[in-house]
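Please have the sequence and the structure open while I talk.

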Amino acid sequence: MPPLKSYSPQNEYNGNNNSPTDNTSGAHGSDTTASSSSTVTTSLNIQRSTTKSPPYNNAQYPFKVLANLQQLRSQKRFCDVDIVAGGATYYCHRVILSAASCYFEAMFRPELGLNEVNQKTVVLHTIDGDILSILLDFIYTGRCEITQSNVQELLAAADMLQLPEIVDGCCEFLCRELHASNALGILRFAEAHNCEALAKSALNFVHANFPAITQEDEFLETPQTLLSQLLTSELLRVDSESQVFQAALRWIKHDVTQRRCYVFDILSLVRLALVPVKVIDQALRDCRDMSVKIALRSICRDIASKRGQLVPLRVCPRQLAKKNIYIIGGSRRETSSTWNPADDIFDTVAKFDIFRREWSETAPMEIGRILPGVAALNGKIYVIGGERGAQILANGEVYDPQNDCWSPISPMIVPRCEFGLCAMDNSLLAVGGWIGDDIGGSMERYDPDKDVWEIIGSLPEPRFSMGVVSFEGLIYIVGGCTISTRHLPDLVSYNPVTQEWQPLARMQVARCQMGVAILDRYLYVVGGNSSSQAVLSSVERYSFDDNTWSTVCAMSVPRAIPAVAAADGLLYVAGGDQPCEATFYRAQVTISAVECYDPLTDNWKNCPDLPVSRSEAGAVVV
């Protein structure tokens, strides 16, 4: 054999190099052989080494082979089978199709004796031609484009042809597209095609967004078996059991002729003992179908008599029903001689169980904060910014109620306090606020998956001490202070998609430092400070449907900067500032009083007081 050459870049093998010098390297006589002997010896020594060299691997080789195979198919070279679908014919290689798909491998395996083994042309009757073209392109290239218009047919065809990679890609696409308007359809589609991961994601989405999903038309077409499965779940995230009751009635009334036979079966899955009697009475008055009326009357009598023959009376709220109110951070200012100014900023968190009507404490935050931004997202509580002493904060923390622990998150780009924070589309939006020596006008968004903040725009005018909420894809900003006006009556909405601002109906009373919350398609504005420097007890609410404001029953005591939250069909207000006449001046002190408002009766009721008085705190329901 010819001697081995010592390595150099010039001598590296090149498959396209046909130079004659490469073929005559052994024809230079004994000098060449002698000069190569040391190289041979070195090579033998490497072979005797105990260290095994890794096999050579070229990462680009599979792509080159796929590209060449696709070129052969496009040129109809070596093709041995014609696949027909939807009137279109595609020329392919049996071995390539068999290597990619167990479906084709079984079709072309001789020992199975199928007719297609000896057929030149194979017709696929149940697959669209365009969809088959996409699948064949993937088999030959490893790439395909999944869109909203083709994902459903693509997944079904890939499932039939046993192409799990396409199925997984379609499932990932559908997971990203989950929305209240399509989640139930995606769930049913995933179950029909045995896509367990997609079905699990869709079901989790349905549980987490059940109230919104029940307002969509798709919910009305839900099969009775799936609806029953949902109504029995402990994982429904609802504000109150009334939402479950109203959803069940809406489903029945949509096709009452066919569904009246399910009335007791469906309503028995609702925890009716937790639904206010006035809600059931109202449903009874609104119902026009006699059979449903009879069922509702029977249920009302069963509950009133406490017999429990039709519906169970001893029931607990669903595990993930929103039942705990968290009062986070804040400050305390009291006239008592025992008050220690060093304790005036809280890092503690008070938790109120609305069903047991008991207060308890959870794990404290890393640092105390007043006037922070507080929001709930995906079952966790985010507390961001605020003030400590004279320092405006940018950092934030996230609380996991399941593990009772806090973790730090990335700080905002702009430190701010007395700002708005709300959750929308799996992200948090921070709006305006006091930023130290000035009023902030910027808006920034936080991505919890990436732990990153980004500036996304600006307010029409810098503003702080306002109320900020999100509702059905829009951000609403109400009241507050600007450079020119100390107390605003304004309400504006912002569309993050179009980045457009829309002025809406004004409040009846201009105010700042109030509490805000959403309850039953109303935005409630509670207390605050007015332009006359008075602390307010008045409450007004805005109808999202009618773009109008109305006044409701006032609180029993005036409050500024209260903590406000809505849960189980009620509006809760905790703590806040209250005027106090001191010896030589008028001051504000914190209070511990808690009360709740029932929109059905337009009345406030007292609740157990906070463990200690506090104001300038955040409130959230989980």
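What follows is a short tour of helix packing, strand pairing and a few single residues in this predicted model.

Let me begin with two helices. Helix α5, covering residues 129-141, packs against helix α6, residues 151-160, at an angle of about 65 degrees and with the two axes 10 Å apart, and the crossing of α5 past α6 is right-handed. On the α5 side the contact is made by Ile131, Ile134 and Leu135, and on the α6 side by Glu153, Leu154, Ala157 and Ala158.

Is Thr141 buried or exposed? Its relative accessible area is 18%, and because the cut-off for buried is under 20%, Thr141 counts as buried. The side chain of Thr141 reaches two backbone atoms, namely the oxygen of Asp137 at 2.6 Å and the nitrogen of Arg143 at 3.2 Å. If we set aside the neighbours within four places in sequence, Thr141 is in contact with Leu66 and Gln70.

Another helix worth a moment is α12, residues 224-231, whose buried residues are Leu226, Leu227, Ser228, Leu230 and Leu231. Which elements cover them? The cover of the buried residues of α12 includes α8 (183-192), α9 (196-208), α10 (210-213), α11 (217-220), α13 (241-254) and α15 (263-267).

Turning to strands, β1, residues 81-85, and β2, residues 88-92, pair in the antiparallel sense over 5 bridges, with Ala85 standing opposite Ala88 in β2. The hairpin they form has 2 residues between the strands, and there Gly86 takes a positive phi near 60 degrees.

There is also an open sheet of 4 strands, with antiparallel pairing and the order β6-β5-β4-β33. Which strands stand at the edges of this sheet? They are β6 (358-361) and β33 (618-621), and each has a single partner strand, so one side of each is left without a neighbour in the sheet. On average, and ignoring direction, neighbouring strands of this sheet are turned by 25 degrees against each other. Within the sheet, strand β5, residues 349-353, runs antiparallel to β6 and is joined to β6 by 4 bridges, and in this pairing Asp353 stands opposite Glu358 in β6.

Finally, a word on backbone angles. Phe78, which is not a glycine, has a positive phi of about 60 degrees; Phe78 lies in the loop between α2 (61-74) and β1, and it is exposed, with a relative accessible area of 63%. The other is Asp451, where phi is positive and near 55 degrees; Asp451 is found in the loop between β15 (442-447) and β16 (452-458), and with a relative accessible area of 31% Asp451 is partly exposed.

That is where I will stop, and I am happy to take questions.

Key
Residues numbered from 1 in each chain as written. Predicted model: local features only at pLDDT ≥ 70, side-chain atom pairs only at ≥ 80, totals over all residues. Heavy atoms only, no water. Axes fitted to C-alpha atoms, helices over the stretch in contact; angles between N-to-C directions. Left-handed = near helix turned anticlockwise from the far one by under 90°. Contact = heavy atoms within 4.5 Å. Buried < 20%, exposed > 50% of the residue type's maximum accessible area, 1.4 Å probe, protein only. Pairing = 2+ DSSP bridges. Polar contact = N/O pair within 3.5 Å; in protein donor to acceptor, adjacent residues only side chain to side chain.
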